[in-house]
Amino acid sequence: MSPFVLKNLTLRNRIVSTSHEPAYSEDGLPKDRYRAYHVEKARGGVGLTMIGGSALVSRDSAPAFGNLQLWKDEAEPWLRRLADEVHEQGAAVMTQLTHLGHRTSNYTDNWLPAISASSVREPAHRAFTKAAEQWDLDRVLRDFVAAAQRCRSAGLDGIELMTWGHFLDSFWTPFWNHRDDEYGGSYENRMRYPLQVIRAVREAVGPEFVIGVRMTFDEEREGGLETPEALRIAEDVTEAGIDFISLIKGSIGTDADLARTIPPMSTPASPHLEFAGRIKQKLSVPVMHAARISDVATARYAVAEGLLDLVGMTRALMADPELPDKVRDGRTDRIRPCVGANMCIDGIYASGAAFCMHNPSTGRELEVPQRVDRARTPRRVAVVGAGPAGLEAARVLAERGHDVHPFEASDKAGGQLLLASLAPRRRDLRGIIDWRTDELARLGVPISWNTYVEARTLLAQSWDVVIVATGGTPAAPSVPGAGLVIDTWDVLAGARRPRGRVLVYDDHGGNQALDAVEALVRGGATKLLFGAAAADLQPRPGAQAT
């Protein structure tokens with residue numbers, strides 16, 4: 001919670017919500033929904049909130065995932081209102097600026113051709129790019145300058161240039177740059193254009209405005225940028241006018257690459273923190289880093305040991321925007337934990353916006369406020385079922401001052417979420433259950449366990465409101481031999497452990513069947529036929545079946 005001075009900007013603490021794109025924009029602009037999301041983080045005590053993960057500086061950089069389009073003149077008043085309201089809450093605010101380059105789709109937005117350092121194709125977004133010509137380079141440089149000036153005029157505290165998997169760093173990494181002109185080949189040639197852009201932006205915004213870069217110090221792929229050259233790049237961009245570095249390890253060409261850089265549940269926490277600390281010792285500007293630093297103890301360690309200057313806790317703040325204030329007030333036991341479900345990332349592509357599995361208010365602040373108001377008239381409420389929905393209903397009702405009593409037919413809370421958490425890869429989901437049961441205990445809400453409730457019982461008890469949160473039950477398929485069918489609930493819970501030859505039929509397409517397959521293998525199944533095609537699940541040569 002110690003303050004930190006970044007150039008001439010004093011941050012009230014070291015906690016940062018780093019640049020990310022939740023896809024809450026409207027018409028490519030940070031309107032009410034976008035602003036409310038970041039203002040809530042400022043209200044919760046964050047030192048710096050960074051908007052516009054991949055905010056676009058050029059019209060031809062198509063918004064592939066709900067990006068802000070800061071090439072628009074009409075963005076400035078919306079940025080100013082966001083900055084003013086964030087500042088009123090005591091936090092600083094910056095935005096990331098970029099041209100996506102090859103990391104987009106030709107068929108998004110205006111169908112304009114994608115450009116990159118060379119004619120390449122990124123696996124994730126699959127655009128066929130053309131190698132940028134000199135007129136492309138000139139206009140994109142002008143676009144960076146104009147967007148940076150727009151951000152400064154709007155009252156933002158700084159900007160971050162995205163040089164990780166996008167247009168600018170496609171020149172300096174040999175993985176993407178295959179040019180044979182003055183912008184390709186040697187280190188000096190590959191750095192020529194990115195340095196031109198950084199110097200132009202610095203000159204345009206003046207010496208006092210904060211400028212940072214997000215960059216990787218090891219792309220972890222054959223033919224990619226490695227640490228020694230990345231350190232040399234860091235020195236050169238610092239000399240060109242950079243004030244801080246948001247440090248990354250890895251690349252983002254594929255979903256697998258992205259998962260290693262932004263680790264989900266079942267992966268080690270803060271996997272790149274020690275690497276970041278070693279790199280920091282060799283840099284002359286402040287360093288921030290974010291990669292599943294989701295708990296306060298790790299954040300404290302990172303600062304205390306000098307591994308980082310600023311700790312990115314982006315997903316943790318999506319789960320609980322009040323995290324900084326809870327740390328300050330000694331309420332760390334009440335922090336709603338990020339469980340690494342990565343619905344925030346997947347949701348952008350699956351449903352068009354980022355949401356948090358653990359916090360239904362995130363991204364819905366205008367409709368479902370993060371802070372619960374007291375009700376005017378307390379009521380007696382029964383909640384039937386103590387799965388995630390029943391627990392959340394009971395928690396909110398109790399926060400509002402109602403007399404609430406949950407009933408659960410089993411002896412444990414969690415429902416289907418508890419079943420899901422039995423899979424080793426999804427054990428962190430327990431945090432969703434545990435936090436709610438702890439909150440109910442703090443609020444003095446009793447839960448009746450092993451209580452199967454029927455309608456006549458509830459009618460006899462004269463409740464004002466009854467909430468039914470019993471969830472669903474498995475649907476048995478209508479197939480010959482239905483007596484042999486076992487549902488995934490029984491398999492995951494360990495109630496049934498079929499051995500020998502097992503057919504797994506998946507009519508859902510989610511994680512359930514895959515979790516069941518893992519449970520079956522651990523339970524002794526020796527031959528598995530999976531899916532409609534009944535294809536054998538055979539391991540690769542030399543690998544063990546898991």
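Visitor: Which residues does L418 touch, not counting those up to four places away in sequence?
Guide: L418 touches K412, A413, R430 and I433, where contact means heavy atoms within 4.5 Å. Before we go on: this is a predicted model, where local features need pLDDT of at least 70, side-chain atom pairs count only at pLDDT 80 or more, and totals for chains, interfaces and linings use all residues. Residues are numbered from 1 along each chain as its sequence is written, and side-chain values use heavy atoms, with hydrogens and water left out.

Visitor: Okay. And where is L418?
Guide: L418 is in helix α14, residues 415-421. Helices (H or I, at least four residues) and strands (E, at least two) are DSSP runs, numbered from the N terminus.

Visitor: Is L418 buried or exposed?
Guide: Buried, because its relative accessibility is 16%. The cut-offs are under 20% relative accessible area for buried, over 50% for exposed, and partly exposed in between, with a 1.4 Å probe and protein chains only.

Visitor: How far is L418 from I432?
Guide: Their C-alpha atoms are separated by 9.4 Å, and the two residues are 14 apart along the chain.

Visitor: Let's zoom out. How many helices and strands does the protein have?
Guide: There are 18 helices and 18 strands. The C-alpha atoms fill a box of roughly 80 × 60 × 45 Å along the principal axes.

Visitor: How much of the protein is buried?
Guide: Of the 546 residues, 55% count as buried. Also, among contacts between residues at least 6 apart in sequence, 69% join residues at least 24 apart.

Visitor: What about the largest nonpolar core?
Guide: It has 99 residues, and those with the most contacts inside it are L97, Y193, F217 and I245. A nonpolar core here is a set of buried Ala, Val, Leu, Ile, Met, Phe, Trp, Tyr and Cys residues joined through side-chain atoms within 4.5 Å. The largest share of this core, ten residues, comes from α5. There is also a second, separate core of 20 residues, which includes V383, L391, L417 and A420.

Visitor: Which residues is L97 in contact with, leaving aside neighbours within four places in sequence?
Guide: Quite a list: among them are A55, V57, L70, F144, C151 and M162.

Visitor: Is C151 buried or exposed?
Guide: C151 counts as buried because its relative accessibility is 0%.

Visitor: How many disulfides are there?
Guide: The count is zero, taking a disulfide as a pair of cysteine sulfur atoms within 2.5 Å. For C338, the nearest cysteine sulfur is that of C344, 6.5 Å away. C338 is buried too, since its relative accessibility is 17%.

Visitor: Back to α5. Where does R190 sit?
Guide: R190 is in helix α5, residues 187-205. With a relative accessible area of 7%, R190 is buried.

Visitor: Which side chain does R190 have a polar contact with?
Guide: The side chain of E229, at 2.9 Å. A polar contact is a pair of N or O atoms within 3.5 Å; within protein, one must be able to donate a hydrogen and the other to accept it, and residues adjacent in sequence count only if both atoms are side-chain atoms. Leaving aside neighbours within four places in sequence, the contacts of R190 also include F171, W172 and Y183.

Visitor: What polar contact does the side chain of S58 make?
Guide: One with the side chain of D143, at 2.6 Å. S58 lies in the loop between β4 (48-56) and α2 (75-88), and it is buried, with a relative accessible area of 0%.

Visitor: How about G444, buried or exposed?
Guide: Exposed, because its relative accessibility is 55%. G444 lies in the loop between α15 (430-442) and α16 (455-460).

Visitor: Last one: what is the phi of E220?
Guide: About 55 degrees, a positive value although E220 is not a glycine. E220 is in the loop between β9 (210-216) and α6 (227-240), and it is partly exposed, with a relative accessible area of 38%.
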